[in-house]
Amino acid sequence: MRKVLFIFSVLSAADVEWLGQAGERLHVDPGTVLIPAGARVDHIYFVLEGRLAIRTPAGATIAQLESGEIVGELSLVAPTPTEVSVEAVAESTLLRIADQRVRQKLSSDLAFAARFYRALCGFLADRVRNTTQRLGYGSGPEERDARDELNEELLDNVHLAGARFERMLKRLAG
């Protein structure tokens, strides 16, 4: 759930509403490969329910994603073929939004673009920090204790982000 908080704490309620309207609800069964290794990503996905696995080309699971996680967002920054695959490991419900649709919104609504890219930068910075720590850099006691702390700005808006995500879930379920 923490990942969606990075995005939804920076976006406005109208931005989140647009994401919900721009996307489509997608149900996938276990074993469904959403993104094969070496593919270009055409969509971003918000995991509403279920669990996805990020896998190396050899099939090793390097991460599991659950409700509130985001997949495919990097393609909006660097649209190159993927190094990993993404597969459903449990029945999952996703919000799928076409990259092209997001790119059109980004180019036509500069305020949305500023908020979206700012949110994406915070999200990606957190991912880099976590990866760096997993690799053993900065793994002293202070860094391990601070690993799951949220920054002050995010904390100020975490209740709004959670409420926005819950509204999106309810809207898409109904």
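Visitor: Taking contact to mean heavy atoms within 4.5 Å, what share of the contacts in the protein chain between residues at least 6 apart in sequence joins residues at least 24 apart?

Guide: Among those contacts, the share is 82%. This is a predicted model, in which local features need pLDDT of at least 70 and side-chain atom pairs count only at pLDDT 80 or more, while totals for chains, interfaces and linings use all residues. Residues are numbered from 1 along each chain as its sequence is written, and side-chain values use heavy atoms, with hydrogens and water left out.

Visitor: How many helices and strands does the protein chain have?

Guide: The protein chain has six helices and eight strands; these are DSSP runs numbered from the N terminus, helices being H or I of at least four residues and strands E of at least two. From the N terminus on, the order is α-α-β-β-β-β-β-β-β-β-α-α-α-α.

Visitor: And what percentage of the residues is buried?

Guide: Of the 174 residues, 41% are buried (buried is under 20% relative accessible area, exposed over 50%, partly exposed in between, with a 1.4 Å probe and protein chains only). The chain exposes about 9,300 Å², and carbon and sulfur atoms supply 53% of that area (Shrake-Rupley method with a 1.4 Å probe; for residues, only the protein chains shown count as cover).

Visitor: Turning to the sheets, what is the strand order in the one that holds β4?

Guide: The order is β2-β7-β4-β5, an open sheet of four strands with antiparallel pairing (two strands pair if DSSP finds at least two bridges between them). β2 (33–35) and β5 (61–65) stand at the edges with a single partner strand each, so one side of each has no neighbour in the sheet. From one strand to the next, the twist averages 30°.

Visitor: How many bridges does β4 form with β5?

Guide: Strand β4 (residues 52–55) pairs with β5 over four bridges, in the antiparallel sense. Leu52 stands opposite Leu65 in β5, and Ala53 stands opposite Gln64. The two strands form a hairpin with five residues between them, and Gly59 in the turn has a positive phi of about 100°.

Visitor: What about β4 and β7?

Guide: That pairing is also antiparallel, over four bridges, and the partner of Ala53 in β7 is Glu87.

Visitor: Which way do the β4 side chains point?

Guide: Leu52 and Ile54 point one way, Ala53 and Arg55 the other, and all are buried. In a regular strand the side chains alternate between the two faces of the sheet.

Visitor: Is Ser85 buried or exposed?

Guide: Ser85 has a relative accessible area of 14%, so it counts as buried. Ser85 lies in strand β7 (residues 85–88). Beyond its neighbours within four places in sequence, Ser85 is in contact with residues including Ile35, Pro36 and Ile54.

Visitor: What is the strand order of the open sheet with β1?

Guide: It is β1-β8-β3-β6, again four strands with antiparallel pairing. The edge strands, β1 (24–28) and β6 (70–71), each pair on one side only. Strand β3 (residues 43–49) and strand β8 (residues 92–98) pair over six bridges, and the bridge partner of His43 in β8 is Ala98.

Visitor: Where does helix α2 lie?

Guide: Helix α2 (residues 13–22) lies across β1, β3 and β8, running at about 100° to β8 (axes are lines fitted to C-alpha atoms, for helices over the stretch in contact, and angles run from 0 to 180 degrees between N-to-C directions).

Visitor: How many salt bridges does the structure hold?

Guide: It holds four, a salt bridge being a side-chain nitrogen of Lys or Arg within 4 Å of a carboxyl oxygen of Asp or Glu. One of them joins Arg115 and Asp15 at 2.5 Å, N to O. Arg115 in helix α4 and Asp15 in helix α2 are 100 residues apart, and the pair links distant parts of the chain. Arg115 is partly exposed at 26%, whereas Asp15 is buried at 4% relative accessible area.

Visitor: Which residue forms a salt bridge with Arg96?

Guide: The partner is Glu24, with the closest N and O atoms 2.6 Å apart. Arg96 lies in strand β8 and Glu24 in strand β1, so the pair ties together parts that are 72 residues apart in sequence.

Visitor: Finally, which residues form the nonpolar surface patch?

Guide: Leu74, Val77 and Tyr117 form it, with about 260 Å² of accessible area together (patches are made of residues with over 30% relative accessible area and no salt bridge; like charges are joined within 9 Å, and nonpolar side chains, namely Val, Leu, Ile, Met, Phe, Trp and Tyr, within 5 Å). Tyr117 is found in helix α4 (residues 110–134) and counts as partly exposed at 34% relative accessibility.

Terms used. Contact = heavy atoms within 4.5 Å.
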